[in-house]
Amino acid sequence: MARSLDGLVLSPVADQAPGQVGTRTRFTYHERNGRIWAEYEGGDIVHGHLVGTRDADTLDFRYVQLKQDGTTSCGHCVSAVTDLPDGRVRLDETWEWESLRGSGTSVVEELPG
């Protein structure tokens, strides 16, 4: 099992569509007893939260966010947690909007140092 996410700061490795998370978005993760949660902001996102569970190296969570244009959106995500060769953590994510149309994949990695 990959190491704990508690206290780690992660960021997407590539920008998504406009109005979504991107390389300027920062996620601060917390983890305790199989529960995970995070706050995120940056780029088009003013403030976001995610909350869910971790079972071994799989995260299953819901997210909600407020964007710069004043709109809100929410969705569901399942992520695979892996350790990178340099010791950082990587999340390979499969997500789907619940308040909008659309789904996709993304990669989020722990920021160096």
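Predicted model: local features only at pLDDT ≥ 70, side-chain atom pairs only at ≥ 80, totals over all residues.
**Entry 1: Y63**

I started with Y63 and skipped its neighbours within four places in sequence; what remains in contact with Y63 is Y40, H49, L50, S73, C74, G75, H76, C77, W95, E96 and W97.

Y63 and W97 make an aromatic pair of the edge-to-face kind, with 5.5 Å centre to centre and 70 degrees between the planes. Y63 sits in strand 5 (residues 58–67) and W97 in strand 7 (residues 89–97), so this pair ties together parts 34 residues apart in sequence. I checked burial too: Y63 and W97 are both buried.

**Entry 2: the other rings**

How many aromatic pairs does the count come to? I got four. One of them is F27 with Y40, which is stacked at 4.5 Å centre to centre, with 25 degrees between the planes. F27 belongs to strand 2 (residues 26–32) and Y40 to strand 3 (residues 35–42), and the two are 13 residues apart.

Are F27 and Y40 buried or exposed? F27 has a relative accessible area of 7%, so I put F27 down as buried. Y40 has 3% relative accessibility and therefore counts as buried. I also found that ring pairs link F27, Y29 and Y40 into a cluster.

**Entry 3: charges**

I moved on to salt bridges and the count came to eight. I looked at E31 and R54, whose side chains meet at 3.0 Å, N to O. E31 is in strand 2 and R54 in strand 4, so this bridge ties together parts 23 residues apart in sequence. Both E31 and R54 are buried.

Then I traced a network of salt bridges linking D86, R88, R90, D92 and E109. In it, R88 and D86 meet at 2.8 Å, N to O. R88 is buried at a relative accessible area of 18%, whereas D86 is exposed at 52%. D92 and R90 meet at 3.0 Å, N to O. I noted D92 as partly exposed, at 30% relative accessibility, and R90 as partly exposed, with a relative accessible area of 25%.

Technical notes:
Residues numbered from 1 in each chain as written. Heavy atoms only, no water. Phe/Tyr/Trp six-rings, centres within 6.5 Å; stacked < 30°, edge-to-face > 60°. Helix = DSSP H or I, 4+ residues; strand = E, 2+ residues; numbered from the N terminus. Buried < 20%, exposed > 50% of the residue type's maximum accessible area, 1.4 Å probe, protein only. Contact = heavy atoms within 4.5 Å. Salt bridge = Lys/Arg side-chain N within 4 Å of Asp/Glu carboxyl O.
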